Amino acid sequence: MLLKVYLKKKKITMLEFAARIDVNVSTVSRICRGVVVPSRSTMQRIFDATDGKVQPSDLVQFDQGNRT
């Protein structure tokens with residue numbers, strides 16, 4: 001499940017979630033937008049804080065563009 005979907009479903013603000021996982025709210029925003037891939041430790045904290053609903057593979061965006 002995407003983090004932004006989880007937060008919306010659970011009605012948790014990015015600010016609240018950032019406090020839960022001990023990161024800056026801007027970091028949560030960038031993760032939700034797919035701008036950054038979180039570190040392994042942050043991925044683990046997200047996994048734990050969401051009771052496994054958000055998997056590390058949900059946090060990594062792969063470019064499916066043209067490859068030659």
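Reply: One definition to start: a contact means heavy atoms within 4.5 Å. The model is a predicted one.

Me: With that, what share of contacts between residues at least 6 apart in sequence joins residues at least 24 apart?
Reply: The share is 40%.

Me: Ok. How many helices and strands are there?
Reply: Four helices and zero strands. From the N terminus, the order reads α-α-α-α.

Me: What fraction of the chain is buried?
Reply: Of its 68 residues, 29% count as buried.

Me: And the accessible surface, what does that come to?
Reply: About 4,900 Å². Carbon and sulfur atoms hold 51% of that surface.

Me: Let's go helix by helix. Which residues of α1 are buried?
Reply: Helix α1 covers residues 3-10, and Leu3, Tyr6 and Leu7 are buried there.

Me: Why do those line one face?
Reply: Looking down the axis of α1, the buried residues fall within an arc of 95°, so they share one face of the helix. The general rule is that an α-helix has 3.6 residues a turn, so residues three or four places apart point the same way.

Me: What sits on the face turned away from the buried side?
Reply: Lys8 and Lys9, both exposed.

Me: Take α3 then. How do α1 and α3 cross?
Reply: Their axes come within 8 Å and cross at roughly 115°. That makes α1 roughly perpendicular to α3.

Me: Which residues make that contact?
Reply: From α1, Leu3, Lys4 and Leu7. From α3, Val28, Ile31 and Cys32. By class, the contact of α1 with α3 has five nonpolar residues, no polar ones and one charged.

Me: Next pair. What are the angle and axis distance for α2 and α3?
Reply: Helix α2 (residues 14-21) packs on helix α3 (residues 25-33) at about 110°. The axes are 8 Å apart. So α2 is roughly perpendicular to α3.

Me: Who is in that contact?
Reply: α2 supplies Met14, Leu15, Phe17, Ala18 and Ile21. α3 supplies Val25, Val28, Ser29 and Cys32.

Me: How does the contact of α2 with α3 divide by class?
Reply: Eight nonpolar, one polar and no charged residues.

Me: Which residues of α3 turn up in the contacts with both α1 and α2?
Reply: Val28 and Cys32 are listed in the contact with α2. Val28 and Cys32 are listed in the contact with α1, too.

Me: Switching to backbone. What follows α1?
Reply: Lys11, and its phi is positive, near 55°.

Me: What about Asp22, what is its phi?
Reply: Near 60°, a positive value in a residue other than glycine. Asp22 is in the loop between α2 and α3.

Me: Is Asp22 buried or exposed?
Reply: Exposed, at 67% relative accessible area. The cut-off for exposed is over 50%.

Me: Last one: where is Asp51, and what is its phi?
Reply: Asp51 lies in the segment after α4. Its phi is near 55°, again positive in a residue other than glycine. At 66% relative accessibility, Asp51 counts as exposed.

Note on methods:
Residues are numbered from 1 along each chain as its sequence is written. This is a predicted model: local features need pLDDT of at least 70, side-chain atom pairs count only at pLDDT 80 or more; totals for chains, interfaces and linings use all residues. Side-chain values use heavy atoms; hydrogens and water are left out. Axes are lines fitted to C-alpha atoms, for helices over the stretch in contact, and angles run from 0 to 180 degrees between N-to-C directions. Helices (H or I, at least four residues) and strands (E, at least two) are DSSP runs, numbered from the N terminus. Angles under 35 degrees count as roughly parallel, over 145 as roughly antiparallel, 65 to 115 as roughly perpendicular and the rest as oblique. Ala, Val, Leu, Ile, Met, Phe, Trp, Tyr, Cys and Pro count as nonpolar, Asp, Glu, Lys and Arg as charged, and the others, Gly among them, as polar. Buried means under 20% relative accessible area, exposed over 50%, partly exposed in between (1.4 Å probe, protein chains only). The arc is that of the directions from the helix axis to the C-beta atoms. Accessible areas come from the Shrake-Rupley method with a 1.4 Å probe; for residues, only the protein chains shown count as cover.
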